[in-house]
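The following report describes a structure with two chains in terms of secondary structure, packing and contacts.

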Amino acid sequence: MNPQLEGVEALGGTYPFDVARSVERMRINRFFWNLTQGAFRERFVADESALCRDSGLSSEEIALVKARDWLGLVRYGANFFVLEKALRVLKVTNLHAYAQMRGETFEQFLETRQVPEMR
Amino acid sequence: MARVIGGIGTSHVPTIGVAYDRGKQSDPAWAPLFEGYKPVARWLAERKPDALVFFYNDHLTSFFFDLYPTFALGASAVFAIADEGAGVRNLPPIKGHPKLAAHLADALVNDEFDIAVFQDRPLDHGVNSPLTLLWPHEPDWPGALVPIEINVLQYPLPTALRCYKLGQSIRRAIESYPGELDVAIVGTGGLSHQIHGERAGFNNTEWDMEFLDLIERDPLRLTRMKHADFIRLGGAESVEVIMWLAMRGALSPAARMTHRNYYLATSTAMTVALFEEPPFFSEAKTLESAA
């Protein structure tokens, strides 16, 4: 246990990404990280299913990717900063992903924000 | 010798760069942010630092988990703008300062800070988002930038105290540089925000205000905090404010915050703060805050 993280589990809804998780979930994180490469992005857009298979993703991982289940992916062990690459490719704003992770509609989420018209 | 002329703390939210590129400077929702950077940009234009030493984090763009350094110093003569999935921003490449970087590496390692050194890795929004609000880029950036990457996303992260000590070591290194250079230090990230999990969207303005007071007057108190404290008070990703502590460590204890702007609009408390070393040069020493 990392003493710097003591007590963090009590917060809920928070998943610190550590080396153990990183090792366990390297494959799915590398998959999303590859989206920083233009050629990989083109393959993702052209035939996502084939790319998932060719990348060696498990059926559980493929289902999470296909469902755009950002919360499920975070809980599974994907780091949000690689999910952000997929959000950019799919042209989904971060705010939409935050709303989904909170279990809210986009409109509900915006109602909780100070300047909802900022886009 | 080179000297540290001041420091800047700034958020690095990627949408700041997107809004800048789309010309939203006068958009009523964005203006409070852009206006708040103007005094800092003016200070840089007046003081003309030769180089910025820029504490930032790479967002899994140019570094990945196959090798994610705790601390890494960029030594190349030029750094490209990174493609983070949506193409490359239309900005000139960022000039490095190989001579200063090599000196910093020598000095840090001899000061028992065994830093990694990288070259030719593009810089992502951790650098380029705030940089466009600080420096003009047409026809080119007015100075050089030495990026120092800090791991704030794969635990174990360096402790808050370690980041502060890194800043102190950087200051000693700058002051032993054999040449005349004016250097400004930039620390990036924060303030309160959380962007993953069911707790996404968490903010805490009260804590942000306390943080801004402490980083100026009592940074040592912040160095005694654990990562879990930052996560609890400011949201999971706000732990990245340990990069502000690296900046603060490179300033003298007497440095004072002469401008600050705080704007919490949607998900991240977007903040910029200017720190000046005595003697103070700022025309306006008012502390402005638009919440």
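Helices, in the sense used here, are DSSP runs of H or I with at least four residues, while strands are runs of E with at least two, and both are numbered from the N terminus. The model is predicted. Under that assignment chain A reads α-α-α-α-α-α-α-α-α along its sequence, with nine helices and zero strands.

## Chain A

The C-alpha atoms of chain A occupy a box of roughly 40 × 40 × 20 Å along the principal axes. Of the 119 residues in chain A, 35% are buried. When contacts in chain A between residues at least 6 apart in sequence are considered, 56% of them join residues at least 24 apart.

One helix pair in chain A can be described in detail. Helix H2 (residues 26-33) and helix H7 (residues 80-90) of chain A have axes that come within 8 Å and cross at roughly 40 degrees. That angle makes H2(A) oblique to H7(A), and the crossing of the two helices is left-handed. On the side of H2(A) the contact is made by A:Asn29, A:Phe32 and A:Trp33, and on the side of H7(A) by A:Val82, A:Leu83, A:Lys85 and A:Ala86. Sorted by class, the residues in this contact of H2(A) with H7(A) are five nonpolar, one polar and one charged.

## The sheet of chain B

In what order do the strands of the open sheet of chain B lie? The eight strands follow the order E6-E3-E7-E2-E8-E1-E10-E9 (chain B), and their pairing is mixed. Strand E6 (116-118) and strand E9 (256-264) of chain B stand at the edges, and because each has a single partner strand, one side of each is left without a neighbour in the sheet. From one strand to the next the twist averages 20 degrees.

| Strand pair | Sense | Bridges | Residue pair |
|---|---|---|---|
| E1(B) and E8(B) | parallel | eight bridges | B:Val4 and B:Val183 |
| E1(B) and E10(B) | antiparallel | five bridges | B:Thr10 and B:Val272 |

Strand E1 of chain B is mostly covered, with eight of its nine residues buried. B:Thr10 is found in this strand, E1 of chain B, and B:Thr10 counts as buried because 29 other C-beta atoms lie within 10 Å, where the threshold for a buried residue is 20 or more. Leaving aside neighbours within four places in sequence, B:Thr10 is in contact with B:Pro130, B:Val186, B:Thr188 and B:Val272; B:Val272 in E10(B) is also the bridge partner of B:Thr10. Although B:Thr10 and B:Phe54 are 44 residues apart along the chain, their C-alpha atoms are separated by 11 Å.

Two helices of chain B are placed against these strands. Helix H3 (residues 98-110) of chain B lies across strands E2 (51-56), E3 (71-74), E6, E7 (144-150) and E8 (181-188) of chain B, and runs at about 150 degrees to E3(B). Helix H9 (residues 242-249) of chain B packs on the sheet, where it touches E1 (2-10), E2, E7 and E8 of chain B, and its direction makes about 155 degrees with that of E8(B). H9(B) is mostly covered, since eight of its eight residues are buried, among them B:Trp244, B:Leu245 and B:Arg248.

## Contact between the chains

How many residues does each chain bring to the contact? Chain B contributes 33 residues and chain A contributes 43 residues. On the side of chain B that touches chain A, helix H8 (residues 227-234) of chain B gives the most, with four residues. The residues of that side of chain B divide into 16 nonpolar, 11 polar and six charged.

A:Tyr15, placed in the segment before helix H1 (19-24) of chain A, has contacts in both chains: not counting residues up to four places away in sequence, A:Tyr15 touches A:Val74, A:Arg75, B:His196 and B:Gly197. A:Tyr15 has 21 C-beta neighbours inside 10 Å and therefore counts as buried. The C-alpha atoms of A:Tyr15 and A:Phe40, which are 25 residues apart along the chain, are separated by 28 Å.

Notes: Residues are numbered from 1 along each chain as its sequence is written. Chains are lettered from A and ligands numbered from 1 in the order in which they are written. This is a predicted model: local features need pLDDT of at least 70, side-chain atom pairs count only at pLDDT 80 or more; totals for chains, interfaces and linings use all residues. Two strands pair if DSSP finds at least two bridges between them. Axes are lines fitted to C-alpha atoms, for helices over the stretch in contact, and angles run from 0 to 180 degrees between N-to-C directions. Two residues are in contact if their C-beta atoms, placed from the backbone, lie within 7 Å. Ala, Val, Leu, Ile, Met, Phe, Trp, Tyr, Cys and Pro count as nonpolar, Asp, Glu, Lys and Arg as charged, and the others, Gly among them, as polar. A residue is buried if 20 or more other C-beta atoms lie within 10 Å of its own, exposed if 12 or fewer, and partly exposed in between; C-beta atoms are placed from the backbone. Angles under 35 degrees count as roughly parallel, over 145 as roughly antiparallel, 65 to 115 as roughly perpendicular and the rest as oblique. A crossing is left-handed if the near helix is turned anticlockwise from the far one by less than a right angle, and right-handed if clockwise.
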